[in-house]
Structure formats: structure tokens, C-alpha cells
Amino acid sequence: MSTASRPAGSASTTTQPGEKTFFEQQREALLKEISLSFEHVLANINKLNRSLEGVIAVGNEFSSVEALWSQFENVMAKDPDADNEVQNAEEGSDNEREDELVVEEERAPRR
């Protein structure tokens, strides 16, 4: 006869084929929970994406208004002294042209 004995817990670790151990049961439960959590995260990301697309669409509707206000701002930001200098320069060139015409008329022989 053999005097070798089995460890006390060895009988409980062997399972019938088809039965799952406590570890496997817990692992499956955690995997299901993780899978469900990932589905919730995916659904919330899709919801956020739709909301962001809506915000972008509304923002794009205001692009023409923004362009108009930007143009208005640029017109209002011009320096009035610079405008006067441009007008004076244009008037000065007009006066020079008139002087040239007068000089040419004086030089031209009279008939």
C-alpha cells in the first residue's frame, strides 16, 4: 500500500468537464462589464461627435456675417490722416497736370 496522501485542497480544484472555475466565472463577468462599458463610451463619443458637428455647422452659417463685420472693422480702423494725405497727393497730381496743360497751351502757337 502506498502511504502517499493527497493535499487537502486538491479535490476541489479538479472540476468536471463543462464546469467553470471561480476564476473563469469572475473573468467572464469582468469581461462582460468591460464590454458594456466600452459600448457606453462609444455611444457617448458618437453623441459628442454629433454635437460638435452641429456646433461647427452653426458656426459656418455665420461666416458671411463675420466677413462683413471684418470688412467694416478694417474700414473703421483706417487712419483718417492717411486718407487726407492720399487725397492731397491725388489733388496735387491733378494740379500738376493742370499746370502742364496751361504751360503746353502757352507754348502752342496761336492761330
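By the rule that a salt bridge joins a side-chain nitrogen of Lys or Arg within 4 Å of a carboxyl oxygen of Asp or Glu, this predicted model has one salt bridge. Side chains of opposite charge can pair when their charged atoms come close. Here the partners are glutamate 28 and lysine 20, whose side chains meet at 2.5 Å, N to O.

Residues are numbered from 1 along each chain as its sequence is written. The model being predicted, local features need pLDDT of at least 70 and side-chain atom pairs count only at pLDDT 80 or more, while totals for chains, interfaces and linings use all residues, and side-chain values use heavy atoms, with hydrogens and water left out.

Turning to the protein as a whole, it has four helices and zero strands, so that its elements run α-α-α-α from the N terminus on, where helices (H or I, at least four residues) and strands (E, at least two) are DSSP runs numbered from the N terminus. Of its 111 residues, 0% count as buried. The accessible surface, computed by the Shrake-Rupley method with a 1.4 Å probe and, for residues, with only the protein chains shown counting as cover, comes to about 10900 Å², of which 56% belongs to carbon and sulfur atoms.

Helix H3 (residues 63–77) holds both tryptophan 69 and phenylalanine 72, three residues apart, about one turn of the helix. Rings of Phe, Tyr and Trp (its six-membered ring) pair if their centres lie within 6.5 Å, with planes under 30 degrees apart counting as stacked, over 60 as edge-to-face and the rest as tilted; by this rule there is one aromatic pair. The ring centres of tryptophan 69 and phenylalanine 72 are 5.6 Å apart and their planes stand at 90°, so the pair is edge-to-face. Tryptophan 69 counts as exposed because its relative accessibility is 57%, whereas phenylalanine 72, at 44%, counts as partly exposed.

Both residues also belong to a nonpolar surface patch, formed by Val58, Phe62, Val65, Trp69, Phe72, Val75 and Met76, with about 740 Å² of accessible area together. Patches are made of residues with over 30% relative accessible area and no salt bridge, like charges being joined within 9 Å and nonpolar side chains (Val, Leu, Ile, Met, Phe, Trp, Tyr) within 5 Å. H3 gives the most to this patch, with five residues.

How values were computed. Buried < 20%, exposed > 50% of the residue type's maximum accessible area, 1.4 Å probe, protein only.
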